[in-house]
Amino acid sequence: MDWNTLFTNWRQGCAAPSARGAHAINVSISTMDPFFALVRFYDSKMAAPVSNNWGLFSDPRFDAMIREARNTFEPAARDAALAKLHAAGVDEALFIWIAHDVSPRAMSPRVKGFVQPQSWFVDLRLPSIQ
């Protein structure tokens, strides 16, 4: 589908008819700061269609960690609060990082069939490990 349709469906959330029962969405995201990397996906107040919490994730523990990070202004303490939030998201496996599309490489000689992408598309049907 085209980019704008993908983003429109993303903003509508998993409960929208456009999701067609999907349990996940694959979209390129910008993770340049804590809001774009974590908060908009983990905060229950950011559930679709308000923001990008596509899966309608809601957990009071995460909301409390987000409040702590947002209300902590000393840099080291804020970094610690954000690290705690990040670790909780990793523990809950809220994201599945399929690809890091900045020139992925297959480095092991055991990897066969990997085709170096000429764009952002990597065909993951072809590689195997022997």
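Student: Hi! Which residue caps the N-terminal end of H2?
Tutor: Aspartate 33 does, with a side-chain oxygen 2.9 Å from the backbone nitrogen of phenylalanine 35. A polar contact here is a pair of N or O atoms within 3.5 Å, where one must be able to donate a hydrogen and the other to accept it; residues adjacent in sequence count only if both atoms are side-chain atoms. Bear in mind that this is a predicted model: local features need pLDDT of at least 70, side-chain atom pairs count only at pLDDT 80 or more, and totals for chains, interfaces and linings use all residues. Residues are numbered from 1 along each chain as its sequence is written, and side-chain values use heavy atoms, with hydrogens and water left out.

Student: And which residues of H2 are buried?
Tutor: In helix H2, residues 34-42, they are Ala37, Leu38, Val39, Arg40, Phe41 and Tyr42. Buried means under 20% relative accessible area, with a 1.4 Å probe and protein chains only.

Student: Nice, what covers them?
Tutor: The cover includes helix H1 (3-12), helix H3 (60-70) and helix H4 (75-91). Contact means heavy atoms within 4.5 Å.

Student: Switching topic, how many helices and strands are there?
Tutor: The chain has 4 helices and 2 strands, in the order α-α-α-α-β-β along the sequence. These are DSSP runs: helices are H or I with at least four residues, strands are E with at least two.

Student: What about burial over the whole chain?
Tutor: Of its 130 residues, 28% count as buried.

Student: And the box the C-alpha atoms fill, what size is that?
Tutor: Roughly 50 × 40 × 20 Å, taken along the principal axes.

Notes: Buried means under 20% relative accessible area, exposed over 50%, partly exposed in between (1.4 Å probe, protein chains only).
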